[in-house]
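Biologist: I have not worked with this structure before, so please take me through it step by step, and end each answer on what I asked for.

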Amino acid sequence: MTKINAAITGIHAWAPEYILSNKELETMVETNDEWILSRTGISERHILKGERKGTSDIGYEAVKGLLEKTNTSPEDVDLLICATVTPDMQFPATANIISDKAGIKNAWGFDMNAACSGFIYALESARNFVESGRYKKVVVVGADKMSSIVDYTDRATCVIFGDAGGAVLLEPTTDNLGIMDAIMQSDGSGRVHLHQKAGGSLKPASHETVDAGEHYIYQEGQAVFKFAVTNMADVSVKIMERNKLKPEDVAYLVPHQANLRIIEATARRMGVEKDKVMINIQKYGNTTNGTIPMCLHEWQSKLKKGDNLILAAFGGGFTWGSIYLKWAI
Ligand code: UT7
């Protein structure tokens with residue numbers, strides 16, 4: 001029997017219009033452009049403004065553009081997975097809200113919560129639905145309105161995050177293209193270093209939790225940095241070795257954009273030159289589930305059919321992983 005592969009056949013991404021610059025942040029907290037740029041690589045980030053705008057609005061823009069670009073009728077989509085840590089609501093799933101807004105009526109959907117690794121976790125999940133032969137058109141969305149959980153009085157986190165999202169269409173192919181391999185990992189003991197303290201069943205939201213700012217991101221930056229550098233690089237090197245890929249075989253590394261120093265360390269360990277690394281952190285900051293599709297969207301015109309791409313991410317949980325794919329468009 002011919003092997004069915006899952007291939008990305010379309011990509012679109014979207015970032016809100018408003019730009020929050022390092023200069024503007026200087027007026028909000030005690031920070032400066034030089035510190036932010038040298039420690040993170042970020043110059044600006046996009047923020048979703050407006051009453052009652054949520055992650056589904058970002059996801060919807062990405063999905064709408066994706067369906068248009070790929071000439072896909074919303075009725076033909078079988079499944080939509082949304083990777084997010086900032087769902088519109090605790091329930092129902094943001095995947096269902098995006099589907100409703102986009103006119104996707106004949107599909108089922110669910111959310112994937114794996115923090116910054118959510119997009120690659122969702123892609124690996126979607127791959128298996130497609131490879132099984134049962135699903136022909138699967139949409140994977142990575143979107144976050146990080147500004148909804150950022151404390152803009154905390155200089156250690158507010159300079160890092162931004163809002164954006166992207167979506168890909170996954171379809172079956174019998175060509176030797178698409179997702180070739182994936183390594184996904186998690187270690188729940190890392191939760192102490194990066195989490196949201198209140199608002200879940202462990203500590204439901206109350207006046208006290210809101211007064212204590214426990215609905216915001218809590219991050220021990222240095223501890224997370226150490227795990228991110230080691231694990232993102234390890235898993236990327238491992239996927240290259242197991243697929244016998246040399247640095248010159250890799251067209252692009254597509255890393256999660258959390259910190260320029262983490263990206264550079266990963267590329268160095270892989271032996272991949274900087275001009276083969278997708279980096280747009282300077283313009284968007286860390287958009288959590290939006291970073292990898294935002295990069296693919298921005299680099300799409302440079303990609304050729306058959307290009308070997310390595311996607312890599314590390315995030316809260318801890319979660320991390322790497323995907324090796326052959327570009328199929
Ligand atoms: O995406 C998911 C996973 N998340 C990550 O991968 C994030 C990993 N961590 C990081 O990227 C970095 O740890 C940060 C960017 C969060 C922080 O950078 P750092 O180089 O680790 O800084 P630090 O936390 O060690 O702080 C160094 C100093 C401190 O001052 P003292 O104690 O040395 O006087 C901080 O108070 O920098 C200070 N600082 C700032 N100064 C100016 C912290 N934030 C700021 C700021 N502006 N925004």
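This is a predicted model: local features need pLDDT of at least 70, side-chain atom pairs count only at pLDDT 80 or more; totals for chains, interfaces and linings use all residues.

Biologist: How many bridges join strand β12 to β13?

Modeller: Strand β12, residues 308–315, also runs antiparallel to β13, and I310 in this pairing stands opposite Y324. The two strands form a hairpin with 3 residues between them, where G317 takes a positive phi near 140°. The number of bridges joining β12 to β13 is 8.

Biologist: How many residues of β13 are buried?

Modeller: From β13, T319, G321, I323 and L325 point one way, while W320, S322, Y324 and K326 point the other way, and all are buried. Strand β13 is therefore largely enclosed by the rest of the structure, the count of buried residues being 8 of the 8.

Biologist: Is Y121 buried or exposed?

Modeller: Y121 lies in helix α5, residues 118–131, and touches M112, A114, M184, Q185, S186, T319 and W320, leaving aside residues up to four places away in sequence. Its relative accessibility is 17%, and because the cut-off for burial is under 20%, Y121 counts as buried.

Biologist: How far apart in space are Y121 and I323, C-alpha to C-alpha?

Modeller: Along the sequence, Y121 and I323 are separated by 202 residues. In space, their C-alpha atoms are apart by 9.3 Å.

Biologist: How many of the residues of α5 are buried?

Modeller: The buried residues of α5 include G118, F119, I120 and Y121, and also A126, R127 and V130. Helix α5 is largely enclosed by the rest of the structure, because its buried residues number 10 of the 14.

Biologist: Which helix supplies the largest share of the shell around the ligand?

Modeller: Helices α2, α6, α8 and α9 each supply at least two residues of that shell. With 4 residues, the largest share comes from α8.

Biologist: What percentage of the ligand's exposed area does the protein bury?

Modeller: A polar side-chain atom of T31 lies 2.6 Å from a nitrogen atom of the ligand, and an N or O atom in the side chain of N286 is 2.7 Å from a ligand oxygen atom. Taken alone the ligand exposes 960 Å², and the part of this that the protein buries is 74%.

Definitions and conventions
Residues are numbered from 1 along each chain as its sequence is written. Side-chain values use heavy atoms; hydrogens and water are left out. Buried means under 20% relative accessible area, exposed over 50%, partly exposed in between (1.4 Å probe, protein chains only). Contact means heavy atoms within 4.5 Å. Two strands pair if DSSP finds at least two bridges between them. A polar contact is a pair of N or O atoms within 3.5 Å; within protein, one must be able to donate a hydrogen and the other to accept it, and residues adjacent in sequence count only if both atoms are side-chain atoms. Accessible areas come from the Shrake-Rupley method with a 1.4 Å probe; for residues, only the protein chains shown count as cover.
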